[in-house]
Amino acid sequence: MDGPPPDLIASAVAGDRESFSRLLELQYDFILRAAWKWTRHQEDAEDVAQEVCIRLARSISTFRGPGRFTTWLYALVLNVVRDLARKGKREREKGAAWGVETTMTRGASNPDLSEELWRAVDGLPDKQRDVVILVHSEGLTHAQAADVLGLAETTISWHLHEARKSLKSFLNPEAVHG
């Protein structure tokens, strides 16, 4: 998990606007890609990326430890994704209360996984879904995923094990029941 140059991070943390702008420029594709992996919808990913940029501007001065910037940024993206999901849930519940049916549309399919598998991953509990995305889609090690999620590495392994069991039963119910 390589990150931006430590001196650039340090300058941005110190309040140098030009350094912050350059840092954001270097990290924007990463932010958007990570957001898309969680939302799999272009407009939602762009909304998440925009909010991450705003939050990054507000919180960059609190960052400590330039060697862990990418981990910190992953956590920031994940927090924004979760906030968006909670907001969407509230809006769907509000719509349901008024008898309005809401639907979610999906953007282009992820080339790494079939749409069916993404639907299965969507159905996992939040932490299992997050671990699957970080480890299998983003390519993070268990230790790196543990840093991002603030969990023990053994907990990451357990969530992956449980997710694999759930995905196996979802994708091939005959193998489980037959």
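A: Let's start with R129, which makes a salt bridge with D130, their closest N and O atoms sitting 3.5 Å apart. By salt bridge I mean a side-chain nitrogen of Lys or Arg within 4 Å of a carboxyl oxygen of Asp or Glu. R129 is buried at 14% relative accessibility, and D130 is buried too, at 0%. (Buried is under 20% relative accessible area, exposed is over 50%, and partly exposed is in between, using a 1.4 Å probe and protein chains only.) Through shared partners, salt bridges join R82, D126, R129 and D130 into one network.

A quick word on the model: it's predicted, so local features need pLDDT of at least 70 and side-chain atom pairs count only at pLDDT 80 or more, while totals for chains, interfaces and linings use all residues. Residues are numbered from 1 along each chain as its sequence is written, and side-chain values use heavy atoms, leaving out hydrogens and water.

Searching the whole structure turns up eleven salt bridges. One of them pairs R40 with D122, with the closest N and O atoms 2.2 Å apart. R40 lies in the loop between helix 2 (17–39) and helix 3 (42–59) and D122 is in helix 5 (residues 115–122), so this pair ties together parts 82 residues apart in sequence. (Helices here are DSSP runs of H or I, at least four residues, numbered from the N terminus.) R40 is buried at 3%, whereas D122 is partly exposed at 28%.

Then there's R68 with D147, at 3.2 Å between the closest N and O atoms.

Definitions and conventions. Helices (H or I, at least four residues) and strands (E, at least two) are DSSP runs, numbered from the N terminus.
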